Amino acid sequence: MAQHPFHDVAIVGIHNTRQARVLEGHDDRTITMEAALGAIADAGLEPRDIDGVIGPYGSDFLYQARVGPAWRSMSPLGIPALLDGVMAIASGMATTVLFATGGAGSYTQRASTAPWTRPTNEFVACYGMYTAAEFALMARRHMHTYGTTAEQMAHAAAVVRNNGHAHPDAVYGGRGPFTAADVLASRMVADPFHLLECAMTSEGGAALVLTRADRADDLPQRPVYVLGGGTDYYGPAYQHPPVWDLGGHQRADLVAGNVGRRAAEEAFAAAGLGPGEVDVCEFYDPFSFEIVRQFEAYGFCGPGEGGDYVTSGAIEPGGATPVTTDGGTMSFSHGGAAVQLLQRVLRGVEQLRGDCASMQVEGAEVAMCTGGGAGALFTDVVLLGKERP
Amino acid sequence: MTLLRPQSGDIPLPVPGPLSAPYWEGCAAGELRFQRCGACGGATHTPALMCAVCTSADLTWAVSSGRGEVYSWTTVWRPQSPAFEVPYVPVIVEMEEGWHVLADLVGCEHDAVHIGMAVEVEFFPHPAGITLPYFHPRP
């Protein structure tokens, strides 16, 4: 196949700071900068090697390092921001880009759900909506349509949480192991989601460094290449009824319930690969059902088969498509309002380097990393590879 | 079991804008309003400048029958904030005119809800002033 411009870009440095329920003495700015400096060091670079930045404190980094003029993305978070940096490098606007994100100190009113889960909007806020309820409305519709069961979703949560149980840096490391029955015995948050099927709230920072693939070989870490990526959006999150069947004008199966399908198709096309060639699925796990849903949306199984897929053994360590190998947002960390939307990418990089601290997939060559979810009306996908295409 | 009732605490209330004011004014007048398209006849909610079906800008406000069926639901036990009494049951209702609206269910036990449940709008003035639509079961 023809080279895709993304293939000119490699991830050469990553860093997760310490993650915890609360990081005393930190705020968003300090934990973001700690992550940034860690990723630059991991890449074997110096702050003034950076000539492009992504993230809310990117501009702060430029000033502190006195490294301007430089390129800056105005995209704030997640895989879309990562792909901004990839495109900047592929088009020659930047050579070495830092993407840093972090959260600390903003969640103080603990009797309420975290502030990032409850955006104010006149059509949802007065009905007590927040993320768990939004995602629950999508999950319930799938259960009704396909017969997906609470036990199947709970099993997916148990698999993810058990990966976190084994990760030394997970906020909830060592808290397991869990069975599906344990998950179903935890208190109900928003039916069908029990507490152990929901993302946590936590604090932390995460960062990575991108550079041109032809420069990556001179750096100390094994480079990880960007094979393809895509982003799917159906509208602003948490403002309108999260209707499974929203959309469908481009193609009947491209509805909000399948969000991420088009993004995955684009990513696979750019990579020249299909679902059968993915070795590790670093799927975003805000709620248990999202694991079920994504295997359907990306074509690992057919419509309505996600419940059977996640209970088939395929997503466990040693299965065909191990999922969220560090425990994800349920057990590893959420890191604040946006950090978690980058952390799947960091773990995918570790899996391909071969140094993931939990559930390392032997010989992993292709990782699929995602962010978002149907309840938020968006899903982003990036495919990473050990070898340059 | 808990009989579901409207929330009366210090909850976040709508602040109507230029697009949504007719919707909230309708609620105060006991009408559930949506936007009807002059070009295709389609129904639009939440309030918009384009028809959700055909993108025409020829939209006028119409009054719904107020009747629909539950399209999806959740029962919330961990509230958005302590201002909410639990449990409460957010539902997406598919209205007879073909549009979807999100609101909370009232007037039945919390475990009576199911997809396909026939419901009808009911308006409740919140103590702070604005009138909110809820849905209750209908025969």
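This is a predicted model: local features need pLDDT of at least 70, side-chain atom pairs count only at pLDDT 80 or more; totals for chains, interfaces and linings use all residues.
**Reading contacts, helix packing and backbone angles**

Biologist: Which residues does Leu384(A) touch, not counting residues up to four places away in sequence?

Modeller: Two residues are in contact if their C-beta atoms, placed from the backbone, lie within 7 Å. By that rule Leu384(A), once residues up to four places away in sequence are set aside, touches Val224(A), Tyr225(A), Val226(A) and Leu227(A), then Gly348(A), Val349(A) and Leu352(A), and finally Ala367(A) and Cys369(A). Residues are numbered from 1 along each chain as its sequence is written, and chains are lettered from A and ligands numbered from 1 in the order in which they are written.

Biologist: What does the model score, and what pLDDT does chain B average?

Modeller: The scores for the model are ipTM 0.98 and pTM 0.97. For chain B the average pLDDT is 97, and 100% of its residues score at least 70.

Biologist: Which residues touch the most other members of the largest nonpolar core?

Modeller: A nonpolar core joins buried Ala, Val, Leu, Ile, Met, Phe, Trp, Tyr and Cys through C-beta atoms within 7 Å, buried meaning 20 or more other C-beta atoms within 10 Å (exposed, 12 or fewer; partly exposed, in between). Here the largest nonpolar core holds 166 residues, and those touching the most other members are Ala39(A), Leu98(A), Val382(A) and Leu384(A).

Biologist: Which residues of helix α8 of chain A are buried, and what do they pack against?

Modeller: Helices (H or I, at least four residues) and strands (E, at least two) are DSSP runs, numbered from the N terminus. In α8 of chain A, residues 261-271, the buried positions are Arg261(A), Ala263(A), Ala264(A), Ala267(A), Phe268(A), Ala270(A) and Ala271(A). These buried residues pack against β8 (224-233), α9 and β11 (378-385) of chain A. After α8(A) comes Gly272(A), with a positive phi near 70°.

Biologist: At what angle do the axes of α4(A) and α9(A) cross, and at what angle do those of α5(A) and α9(A) cross?

Modeller: Axes are fitted to C-alpha atoms over the stretch in contact, with angles from 0 to 180 degrees between N-to-C directions. Under 35 degrees is roughly parallel, over 145 roughly antiparallel, 65 to 115 roughly perpendicular, the rest oblique. The axes of α4 (residues 131-146) and α9 (residues 288-297) of chain A come within 10 Å and cross at roughly 55°, and the two helices are therefore oblique to each other. Across this pair, Phe135(A), Ala139(A) and His142(A) of α4(A) meet Phe289(A), Glu290(A) and Arg293(A) of α9(A). The axis of α5 (residues 150-165) of chain A comes within 7 Å of that of α9(A), crossing at roughly 100°, and this pair is therefore roughly perpendicular. On the α5(A) side the residues are Gln152(A), Met153(A), Ala154(A), Ala156(A), Ala157(A) and Val160(A), which meet Ser288(A), Phe289(A), Ile291(A) and Val292(A) in α9(A).

Biologist: How many residues does the contact take from chain A and from chain B?

Modeller: The contact takes 28 residues from chain A and 31 residues from chain B. On the side of chain A that touches chain B, the elements giving two or more residues are α4 and β5 (188-190) of chain A, and α4(A) supplies the largest share, six residues. Gly128(A), in the loop between β4 (96-103) and α4 of chain A, is in contact with Val76(B), Pro79(B), Gln80(B), Phe84(B), Tyr88(B), Pro90(B) and Asp104(B), leaving aside its neighbours within four places in sequence. Gly128(A) is buried, with 26 other C-beta atoms within 10 Å.

Biologist: Where is Thr324(A), and where is Leu377(A) found?

Modeller: Most residues other than glycine have a negative phi, and most peptide bonds are trans. Thr324(A), which is not a glycine, has a positive phi of about 40°; it lies in the loop between α10 (306-310) and α11 (328-331) of chain A and is buried, with 31 other C-beta atoms within 10 Å. Leu377(A), also a residue other than glycine, has a positive phi near 65°; its place is the loop between β10 (366-373) and β11 of chain A, where it is buried with 24 other C-beta atoms within 10 Å.

Biologist: Is the peptide bond from Gly68(A) to Pro69(A) cis or trans, and which loop holds Pro69(A)?

Modeller: The bond from Gly68(A) to Pro69(A) is cis, with omega near 0°, and Pro69(A) sits in the loop between α2 (58-65) and β3 (71-72) of chain A. In chain B the peptide bond from Val86(B) to Pro87(B) is cis, with omega near -5°, and Pro87(B) belongs to the loop between β4 (67-73) and β5 (90-95) of that chain.

Definitions and conventions:
pLDDT is the predictor's confidence in each residue, from 0 to 100.
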